[in-house]
Amino acid sequence: MKLDVNVLRYLSKDDFRVLTAVEMGMRNHEIVPSELVDRIASLKHGGTYKVLKNLLKHKLVHHDSSKYDGFRLTYLGYDFLAIKTMVNRGVFTAVGRQIGVGKESDIFEVAKEDGSILAIKLHRLGRTSFRAVKSKRDYLRHRRSFNWLYLSRLAALKEFSFMKALEEHGFPVPNAVECNRHCVVMSLIHGYPLVQVRELQSPEVVFERILGLIVRLAEHGLIHCDFNEFNIMIDDEEKVTMIDFPQMVSVSHRNAQMYFDRDVDCILKFFSKRFNLSLEEQIDNTDNSEEDSEGSSRPCFSSISKSVGFLDRELAASGFTRKEQDDMDKFVKEEKDQDQCSEDEEDSAGMDETIVRDVVSLHLLDQPGHTVEGNEEEIKENRQSCEGQLSEPCCEAHFNEDESEENVNDTELVKSLNKQRRRAIAAAHRGGKTIASRNSYKDKGGRSSHNSKIQKQLGSW
């Protein structure tokens, strides 16, 4: 969508108030109901619907009445909110021409009050040319649902944090000025993209300088993942500046070596085709790069010392995902502890069930009226194993006074099992006379009592 900042002059405070209300409602609504927008904006005399009509005319919001009457922000409305905030902060005072466009962002010139020129990058994820963001970027991390405006905000915040950290460590990157919503304001690079350059005075020096940047990034714990001729700026003095950082990953990533080799291959192929450098041997021998890394100019990921810096850790702790990462680590740790406790409980329950089963089999073996199929030797072995299980010293471990409260339940269970064992053995020694439980079924008025009455009557006759 084309950015027309002329409309920005004619928007009132009520217009921005309603735009902010729609933005707040989109935190938990894909389409914000009109009643909710009215309650959040709280305009006098019910002027919210009139303002929404004006915003809809300028395409700052989108109206949807398929399920219910509601509105959502467009990228143009999100741009106006971010630009208005920047202007109020005094970051810049004017917006100029568009100087760049990509698959996930637009870049414009902005001017400060003193006349100096800056660049503003507006992230626009969700275009038809690049919709596989969830699978190719790690903005969402553990989240399942997402919104294109929210993803653009995460991308801008991530790029701003990377740009700040790289500038502090001496990398040739633009100067990060300000970040708000999905916009990043940075210094303007006076140069050209490398893809537009046809001739270089010393292409070998530029080539070595670019490969050195890839190696330096890896030594500091980062991989660019999109290091090609489109994301490299070069000026008239052949000074190199790298741009575009949202997709950067750590060297500890599971696909770090693949991303590193891909960045190196992009530079090798470009310089071999554009400037006719004799680097085809290094390109063809990518599989044997580890063996021939000492004799060639191609850097090897496994031979790079990654102890110079830990920018990947510093950026994770700099405010972008520190809280979310801590919460995630805490959640994973609690899940592991719960799984371990549940496994221990299942093991103890399984052991107790086997003991009870053996006690019941022992009781049945001692009954004179019961028979069990099998050899007498197997029956004796089962009986001995059952008695051995009940008298093992592992049962005594449950009586340790220093154990936790969970072992108290185990001791009570073992006591009840021992009591059942003693009762079963006593019943076997008494010749099969079992002790009837007080909860056992008593035949009152049943068939057995009726037959006994008939026998008494026949005996009296």
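# Chat on a predicted model

Me: What sort of model is it, and which pLDDT limits apply?
Reply: The model is predicted; local features need pLDDT of at least 70, side-chain atom pairs count only at pLDDT 80 or more, and totals for chains, interfaces and linings use all residues. Residues are numbered from 1 along each chain as its sequence is written, and side-chain values use heavy atoms, with hydrogens and water left out.

Me: Back to α7. How many residues has it, and what does it reach?
Reply: α7 has 17 residues and reaches 24 Å from its first C-alpha to its last. That is close to the 24 Å expected at 1.5 Å a residue, where the expected span is 1.5 Å times one less than the number of residues.

Me: Which of its residues are buried?
Reply: The buried residues of α7 include P203, V206, F207, I210, L211 and L213, and also I214, V215, L217 and A218. Buried means under 20% relative accessible area, exposed over 50%, and partly exposed in between, with a 1.4 Å probe and protein chains only.

Me: And what do they pack against?
Reply: The buried residues of α7 pack against helices α6 (148-168) and α8 (256-274), and against strands β10 (222-223), β11 (232-234) and β12 (240-242). Contact means heavy atoms within 4.5 Å.

Me: How many residues are in the largest nonpolar core?
Reply: The largest nonpolar core has 51 residues, and L166, I210, I223, I267 and F271 have the most contacts inside it. Helix α7 (residues 203-219) gives the most to this core, nine residues. Another core, of 43 residues, lies apart from it, with L8, L11, F16 and F92 among its members. A nonpolar core is a set of buried Ala, Val, Leu, Ile, Met, Phe, Trp, Tyr and Cys residues joined through side-chain atoms within 4.5 Å.

Me: What does L166 touch?
Reply: Not counting residues up to four places away in sequence, L166 touches F171, V173, L217, L222, M242, F245, M248 and L311.

Me: Changing topic: is E109 buried or exposed?
Reply: E109 counts as buried because its relative accessibility is 17%. E109 sits in strand β5 (residues 105-111). Leaving out residues up to four places away in sequence, E109 touches A94, V95, G96, R97, I99, I117, L118 and L188.

Me: K59, buried or exposed?
Reply: K59 counts as exposed, because its relative accessibility is 57%. K59 is in the loop between α3 (48-57) and β2 (61-64). Its C-alpha is separated by 7.2 Å from that of L76, 17 residues apart along the chain.

Me: In what order do the strands of the open sheet come?
Reply: The order is β1-β3-β2, three strands with antiparallel pairing; two strands pair if DSSP finds at least two bridges between them. β1 (32-33) and β2 are at the edges with a single partner strand each, so one side of each has no neighbour in the sheet. Helix α1 (residues 13-25) packs on the sheet, touching β1, β2 and β3, and its direction makes about 95° with that of β3. Axes are lines fitted to C-alpha atoms, for helices over the stretch in contact, and angles run from 0 to 180 degrees between N-to-C directions.

Me: Which residue stands opposite H62?
Reply: R72 in β3 stands opposite H62.

Key:
Helices (H or I, at least four residues) and strands (E, at least two) are DSSP runs, numbered from the N terminus.
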